[in-house]
Amino acid sequence: MLSTVKGYAQAPLPWYRQIGRARWKAFTGAWIGYLLDGFDFVLITLVLTEVSKEFGLGPVKAASLVSAAFITRWLGGAVLGAIGDRYGRRTAMVISIWLFSLGTLACGFAWDYGSLFAARLVIGLGMAGEYSASATYVMESWPARLRGRASGFLISGYSMGTVLAAETYRVVVPEHGWRWMFYLGVLPVVVALWVRRALPEAEDWEEAVAETASRPSPFRPLFADRRRGVVNALLALVALGALSAVFAGRAGGAAAVLSVLAGAVMAVFAVQLGGRQGWTLYLALIGAVFAAFLYSWPIQALLPTYLKTELGYSREQVAQVLYYAGFGTMAGCWLSGFTGDRFGPSRAYTWTLLASLAFVFPVFAVDDNLPLLGVLLFMLQALSFGISGLLPRYIGGHFPTERRSAGLGFTYNVGALGGAVAPVLGARLAEGMALGTSLAVLTFGLSLVVVLLVGFDVPRRLHRRIDPEAAIDHLAR
């Protein structure tokens with residue numbers, strides 16, 4: 001929009017100057033939290049071979065250590081998301097940083113598989129809260145027309161964290177062993193203290209609370225009366241127990257039954273939280289996110305193992321490849337921000353993900369050409385994993401301000417159970433075929449599923465069948 005000064009037309013400010021100093025400050029604090037989140041979360045994928053050797057773990061059991069952090073994500077996303085809606089995005093963000101920092105530190109003191117698995121559960125709680133709290137915090141602090149950039153740029157911090165983790169792995173592990181990678185996890189606590197002291201609260205949340213003169217209580221449907229509250233608390237314990245047994249390899253022949261049981265509990269919670277008019281929206285978003293994790297996390301979790309075992313790469317070579325992958329993901333997040341604002345999150349996500357399919361099988365066809373592998377992986381990660389930088393914008397737009405943090409936190413992190421299934425599924429498939437082939441098949445097939453779900457806007461279409469008056473995009477205003 002043009003303005004005039006003494007009769008002369010004045011060009012609009014560049015977008016990055018429209019943000020303002022306070023909003024950039026808010027973004028920086030959240031971005032650093034995401035960077036440390038990415039650093040902490042991927043450490044286990046880098047040291048999986050070293051941990052397996054020390055604890056005598058097979059491929060599937062080792063992969064379950066990656067899955068462990070996803071088991072508690074649904075609970076962390078729901079609880080910390082609700083805290084974000086009721087007490088503010090900043091408070092939830094700080095709690096989440098404390099949780100994943102202390103969980104990572106505990107990994108360094110693990111004495112066996114069980115203790116390491118338990119520490120990863122704590123990391124999952126914190127990471128879930130970081131995603132919902134930070135994403136809503138930043139998007140609600142930026143102008144509506146720039147919220148795609150807010151989403152994509154924020155998620156790029158996670159990618160930078162993975163790059164720093166790869167460099168730390170190369171320097172630290174040969175000299176000090178794998179445990180020192182996790183001891184560094186205490187560093188985010190310092191950031192948490194700074195964030196709590198320095199950052200303002202999200203503007204949209206403050207305005208919504210001031211307008212209604214009350215604080216939202218998004219968990220109210222789960223605890224409408226005492227009987228329902230007790231039943232839902234027991235169901236939550238059942239789901240946690242079932243998922244822990246399945247992914248810790250203790251379910252035996254009951255694994256399929258326990259998986260279905262846990263899924264049924266999640267569906268029951270989704271129906272209650274969504275209510276009569278929103279239950280289809282919750283279930284459809286969970287399904288879309290689940291498929292998104294199934295296409296992206298086999299590579300995220302098992303790429304270092306593939307490089308070291310099938311291609312015989314050294315630590316230094318693995319670190320180099322992960323640089324390409326990390327910077328590719330980061331470039332994709334930046335790209336997603338601009339394309340999301342220009343074309344809309346659904347359209348940008350769909351067409352970019354479709355383009356990524358051209359690089360899936362070529363990545364796993366490269367053997368001893370590290371530069372070529374790096375370039376192909378850069379492109380794949382930019383167009384597939386990087387475009388997921390739009391997911392907070394895409395999901396958050398389905399929920400009004402008073403329910404956004406809890407809605408985003410619950411649907412995204414229940415769907416993130418796909419990340420728990422992905423590495424185990426990849427390892428299982430690798431028992432009958434090469435690991436690289438199994439990763440390519442999963443990535444290609446599930447990417448197509450997400451293209452269909454997001455491209456045809458299935459969650460919103462289902463929602464509007466029940467509630468024709470539902471807003472098309474709450475974040476567009």
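Modeller: Lys308 is buried, with a relative accessible area of 17%; buried means under 20% relative accessible area, exposed over 50%, and partly exposed in between, with a 1.4 Å probe and protein chains only. The model is a predicted one, in which local features need pLDDT of at least 70 and side-chain atom pairs count only at pLDDT 80 or more, while totals for chains, interfaces and linings use all residues. Residues are numbered from 1 along each chain as its sequence is written, and side-chain values use heavy atoms, with hydrogens and water left out.

Lys308 sits in helix H13, residues 255-309. Helices (H or I, at least four residues) and strands (E, at least two) are DSSP runs numbered from the N terminus. With neighbours within four places in sequence set aside, Lys308 is in contact with Leu46, Thr49, Glu50, Tyr169, Tyr313 and Val318, where contact means heavy atoms within 4.5 Å. With Thr49 there is also a side-chain to side-chain polar contact of 2.8 Å. A polar contact is a pair of N or O atoms within 3.5 Å; within protein, one must be able to donate a hydrogen and the other to accept it, and residues adjacent in sequence count only if both atoms are side-chain atoms. Glu431 is 123 residues from Lys308 in sequence, and the C-alpha atoms of the two are 17 Å apart.

Helix H14, residues 315-343, holds Thr339. Thr339 is buried at a relative accessible area of 16%, and its side chain reaches the backbone oxygen of Ser336 at 3.3 Å. Not counting residues up to four places away in sequence, Thr339 touches Gly344, Ala348 and Ile387. Arg342 is found in helix H14 too, but Arg342 counts as exposed, at 60% relative accessibility. Between Arg342 and Gly148 the separation is 194 residues in sequence and 8.6 Å in space, C-alpha to C-alpha.

Asp85 belongs to helix H5, residues 73-87, and is buried with a relative accessible area of 0%. A polar atom of the Asp85 side chain lies 3.1 Å from the backbone nitrogen of Ser405. Arg403 is in helix H18, residues 401-415, and at 34% relative accessibility it counts as partly exposed. Leaving aside neighbours within four places in sequence, Arg403 is in contact with Asp85 and Tyr282. The C-alpha atoms of Arg403 and Gly81 are 8.8 Å apart, across 322 residues of sequence.

Gly129 is another buried residue, with a relative accessible area of 0%, and its place is in helix H7, residues 113-139. Apart from neighbours within four places in sequence, Gly129 is in contact with Gly76, Leu80, Ser96 and Ser134.

Asp457 lies in a loop, between helix H20 (435-455) and helix H21 (458-466). Asp457 is not a glycine, yet has a positive phi of about 50 degrees. Asp457 is buried, at 18% relative accessible area.

The C-alpha trace spans about 70 × 60 × 45 Å along its principal axes. Of the 477 residues, 59% count as buried. Among contacts between residues at least 6 apart in sequence, 82% join residues at least 24 apart. The accessible surface comes to about 19,200 Å², of which 64% belongs to carbon and sulfur atoms; areas come from the Shrake-Rupley method with a 1.4 Å probe, and for residues only the protein chains shown count as cover. The chain has 39 positive and 28 negative side chains, and the centres of the two sets lie 6 Å apart. Lys and Arg count as positive and Asp and Glu as negative, while His and the chain ends are not counted; each charge is placed at NZ of Lys, CZ of Arg, CG of Asp or CD of Glu.
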